[in-house]
Amino acid sequence: MRYLRAFTLIELIFVILLIGILGAVGTSLYRPQHLLNDAKFIRAKIMKTRYEAVGYDQRNFDGTFRGDNIGCITVDRAGIEGNIAKAGAYRLHKHTQIRLAGMSGNVICFDVSGRPHDGDFSLVSLLHDAADINVTDGKRSYSLKLYPLSGYVTID
């Protein structure tokens, strides 16, 4: 008579225990990156605004400036999210805070060459030093740097 070899109860418990430990380690390593996603979204909105401004002359024929907001973005929650139809379905995380340093206000405008200005399009408002945008949720933070001549934004 042949006996069939099967797993013992101890072996089955040991395998289930290993699967549980691997699952616990795997889930603890997965952390949602809300703040990094928000920083990338803010960077994308600023770069999109810069892209829209390149080649769009804000001056009228008599040298005065137009009153439209093409090429300008307000760096706060309402300005970044803007219209939900334009922003898509993405919303900033509820704990995300945005601080802008290195400028007098919170409006960044880009001229026809893509250079950033502090609030309007005059020559005196042209940025000469990098502006820092700090995105934080109270625990972690990311710094976005807006470079003065190129208008390019990096995440540090």
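A helix here is a DSSP run of H or I at least four residues long, with numbering from the N terminus. I'm keeping that in my head while I go through this model, which is a predicted one.

**Entry 1: helix α2**

I started with α2, which has 20 residues. From its first C-alpha to its last it reaches 29 Å, close to the 28 Å expected at 1.5 Å a residue. Then I looked up which of its residues are buried, and the list includes L35, F41, I42, I46 and M47. T49 and A53 are also among the buried ones. Just after α2 I found G55, which takes a positive phi of about 85°.

**Entry 2: a salt bridge inside the helix**

Which residue does E52 form a salt bridge with? I checked, and the partner is K48, with the closest N and O atoms 2.8 Å apart. Both E52 and K48 lie in helix α2, four residues apart, about one turn of the helix. My reminder for this: an α-helix has 3.6 residues a turn, so residues three or four places apart point the same way. E52 is partly exposed at 38% relative accessible area, and K48 is partly exposed too, at 39%.

**Entry 3: the other salt bridges I looked up**

The count for the structure comes to four salt bridges. One of them joins the side chains of R115 and D111, at 2.8 Å from N to O. Are these two buried or exposed? R115 has 29% relative accessibility, so R115 counts as partly exposed. D111 has 8%, so D111 counts as buried, the cut-off being under 20%.

Next I looked at D132 and K145, whose closest N and O atoms are 3.2 Å apart in a salt bridge. D132 is in strand β5 and K145 in strand β6, so this pair ties together parts that are 13 residues apart in sequence. D132 is partly exposed at 28%, and K145 is partly exposed at 22%.

**Entry 4: the disulfide**

How many disulfides does the structure hold? I found one. It joins C72 to C109, S to S 2.1 Å. C72 sits in strand β1 and C109 in strand β3, 37 residues apart, so I noted this as a link between distant parts of the chain. The torsion about the S-S bond is about 110°, so the disulfide is right-handed. C109 is at 0% relative accessibility and counts as buried.

**Entry 5: I70**

Last stop: I70, in the loop between α2 and β1. I70 counts as partly exposed, at 34% relative accessibility. I70 and T49 are 21 residues apart in sequence, and their C-alphas are 7.5 Å apart in space.

Key
Residues are numbered from 1 along each chain as its sequence is written. This is a predicted model: local features need pLDDT of at least 70, side-chain atom pairs count only at pLDDT 80 or more; totals for chains, interfaces and linings use all residues. Side-chain values use heavy atoms; hydrogens and water are left out. A disulfide is a pair of cysteine sulfur atoms within 2.5 Å. Helices (H or I, at least four residues) and strands (E, at least two) are DSSP runs, numbered from the N terminus. Buried means under 20% relative accessible area, exposed over 50%, partly exposed in between (1.4 Å probe, protein chains only). The expected span of a helix is 1.5 Å times one less than its number of residues.
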